[in-house]
Amino acid sequence: MDAKSILKALHPWRDSHKRTAWLPKVKSGPGPAAGSRFGGLPWLPSGESHPACENCDRPLRLLLQLDLQSLPEPARQHLGRGLLQVFYCEREDCEQECDGWSPFSEAHRVQVVDAADGALAAPAGNPFPPKEISGWKQADDYPSTAEHDELGLDFEYDFDANTVRVRCPEVGLDSPPVGIHDLEAETVANASMGDKLLGWPHWIQGVEYPECPKCKARMEYVFQIDSEDNLPLMWGDMGTAHVTRCPTHREVLALGWACG
Ligand SMILES: [Zn+2]
Ligand SMILES: [Zn+2]
């Protein structure tokens, strides 16, 4: 059994874990006040002031606003209604003092607000240049290599012999050793990088779904915000950030990031 036939044997596993990711199509400019965009100013419900960093009190910067009702149908069914807003304070002091990478850091805010009664926020702070999300492109996405093990796909490396064996009970595979470079985990399945809605998170360090503080359940991945994609922003050294949500407590939202 060579690498090619192992890959073939893993096709059913790959197919069973395939998800749809939605890649944003953008235009420069803010678009509608209560629409989907990267950067710019947020929609604020009447009577609410611009969210501030809990550490430095300066206005948080809007990273992302998603009009959940305008999302492609499968995503809309999954995420419900309202405007999902993600704010962050990337000042170095705040990032360090509040562990800005951690899912429930005080240096960010993730919330869903009602778009029924409100308006575009008055200029505050130093917003990122706005980019309207004018549509979505559908793409197949696969589990990050960090998640293979949990999903029943095991790579057993022998670094002295430079070989790897692959086991996947789901498809009845227990392979003989093949050359390490002939069969890489990334080739079997990996999550795409870049900004995207749903699909699979691309983990940089390991599987880092946060735990809901209320029920301890694993939170669900919602959106990936990558370094230097649609926002001129770096998560540490070219890291990746993930918005997550508790499957039961829909108001519990988090933003965590990691870099290599
Ligand atoms: Zn701050
Ligand atoms: Zn919960």
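Because the model is predicted, local features were considered at pLDDT of at least 70 and side-chain atom pairs at pLDDT 80 or more, whereas totals for chains, interfaces and linings use all residues. Residues are numbered from 1 along each chain as its sequence is written, and chains are lettered from A and ligands numbered from 1 in the order in which they are written.

The protein contains 5 helices and 16 strands; these elements are DSSP runs numbered from the N terminus, with helices (H or I) of at least four residues and strands (E) of at least two. Along the principal axes, the C-alpha atoms fill a box of roughly 65 × 40 × 35 Å. Of the 260 residues, 37% are buried. A residue is termed buried if 20 or more other C-beta atoms lie within 10 Å of its own, exposed if 12 or fewer do, and partly exposed in between, with C-beta atoms placed from the backbone. Among contacts between residues at least 6 apart in sequence, 68% join residues at least 24 apart, a contact being defined by C-beta atoms, placed from the backbone, that lie within 7 Å.

Two domains are assigned: domain 1 spans 3-16 + 145-188, and domain 2 spans 19-144 + 190-258. These bounds come from an automatic or database domain assignment. The contact between the domains takes 8 residues from domain 1 and 7 residues from domain 2. On the side of domain 1 that touches domain 2, the residues divide into 2 nonpolar, 2 polar and 4 charged. In this classification Ala, Val, Leu, Ile, Met, Phe, Trp, Tyr, Cys and Pro count as nonpolar, Asp, Glu, Lys and Arg as charged, and the others, Gly among them, as polar. The C-alpha centres of the two domains lie 34 Å apart.

An open sheet is formed by 10 strands in the order β6-β5-β4-β2-β8-β1-β13-β14-β15-β16, with antiparallel pairing; two strands are taken to pair if DSSP finds at least two bridges between them. Strands β6 and β16 stand at the edges with a single partner strand each, so one side of each lacks a neighbour in the sheet. Strand β4 is joined to β5 by 6 bridges in the antiparallel sense, and Gln65 stands opposite Gln85 in β5. Strand β2 (residues 37-38) also runs antiparallel to β4, with 2 bridges between them, and Leu64 in β4 is the bridge partner of Phe38. All of β4 is covered, in that 7 of its 7 residues are buried. The antiparallel pair β1 and β13 is connected over 2 bridges, with Leu197 of β13 as the bridge partner of Trp22.

The largest nonpolar core comprises 44 residues, of which Leu63, Leu64, Val86, Tyr88 and Val243 touch the most other members. Such a core is a set of buried Ala, Val, Leu, Ile, Met, Phe, Trp, Tyr and Cys residues joined through C-beta atoms within 7 Å. Elements giving two or more residues to this core include β1 (19-28), β4 (61-67), β14 (220-226) and β15 (240-245), while β5 gives the most, with 5 residues. Beyond its neighbours within four places in sequence, Leu63 is in contact with Phe38, Val86, Phe87, Tyr88, Ile225 and Leu231. A second, separate core of 13 residues includes Trp13, Tyr142, Val166 and Leu183.

Phe155 lies in strand β9 (residues 154-158) and is partly exposed, with 18 other C-beta atoms within 10 Å. Apart from neighbours within four places in sequence, Phe155 is in contact with Val164, Val166 and Ala185.

Asp99 is placed in the loop between α4 (92-97) and β6 (108-113) and counts as partly exposed because 14 C-beta neighbours lie inside 10 Å. Leu198, in strand β13 (residues 196-198), is buried, with 21 other C-beta atoms within 10 Å.

Note on methods: Two residues are in contact if their C-beta atoms, placed from the backbone, lie within 7 Å.
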